[in-house]
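Please find below a colleague's note on the model under review.

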Amino acid sequence: MTKTADKTAEITENAEVPTEATDQFRAVAEKGVEQSKEALSKLATGAEATQKALESSFETAKTASNELSLKTIAALRANAEASFAHLEALVAVKSPSEFIELQTDFLRKQVEKTVEQSKEFQAAATKAAEDVSKPIKDVYEKAMKDLKVA
């Protein structure tokens, strides 16, 4: 019987070692699960923020595009009206010198108007680009800040 008692004691001692290992494994696994949940939560939050930023950017792009389209139409209308007015003035010309004077004056005004319109379009396009990129830029900067903190 001594052999049996010795074997039983040995089995009991060896049984405690796997229990400790199992407890350690469980602790590591639980920690891993918690870290995974936290990472998933951060990822979901980041994805939601990015989605909102993209939606905001698309709305802003739509609005900016409409504004630029309206500016373009207004510029085209103004140029067409000026051209028709110039054509009417040319019809009433009585001398070649008057024709040259009208033509020169018209071209000078058109060049000035074109430069002014170009500046307006450039300012509007620059503002639109800044407005469209701002939500994405903000989300990116926040994500980088959060990564540095973590």
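1. The model is predicted: local features need pLDDT of at least 70, side-chain atom pairs count only at pLDDT 80 or more, and totals for chains, interfaces and linings use all residues. Residues are numbered from 1 along each chain as its sequence is written, and side-chain values use heavy atoms, with hydrogens and water left out.

2. H86 has its place in helix α1, helices being DSSP runs of H or I with at least four residues. Because its relative accessible area is 10%, H86 is buried (under 20%; exposed is over 50%, partly exposed in between; 1.4 Å probe, protein chains only). Leaving aside residues up to four places away in sequence, H86 touches L102, Q103 and F106 (heavy atoms within 4.5 Å).

3. L54 also belongs to helix α1, which spans residues 2-91. L54 counts as partly exposed because its relative accessibility is 36%. Together with F58 and I136, L54 forms a nonpolar surface patch of about 280 Å² accessible area (residues with over 30% relative accessible area and no salt bridge, nonpolar side chains joined within 5 Å; a salt bridge is a Lys or Arg side-chain nitrogen within 4 Å of an Asp or Glu carboxyl oxygen).

4. The largest pocket has a volume of about 360 Å³ (an open set of points on a 1 Å grid where a 1.4 Å probe fits, with protein on both sides within 12 Å along at least five of seven lines; lining residues have an atom within 4 Å of a point). Its lining comprises 12 residues, with K42, G46, K142, A143 and D146 nearest the centre. Both α1 and α2 (96-149) supply at least two lining residues each, and α2 gives the most, with 6 residues.

Technical notes
Patches are made of residues with over 30% relative accessible area and no salt bridge: like charges are joined within 9 Å, nonpolar side chains (Val, Leu, Ile, Met, Phe, Trp, Tyr) within 5 Å. Accessible areas come from the Shrake-Rupley method with a 1.4 Å probe; for residues, only the protein chains shown count as cover. Grid points are joined across faces, edges and corners, and a volume is the space filled by probe spheres set on the points.
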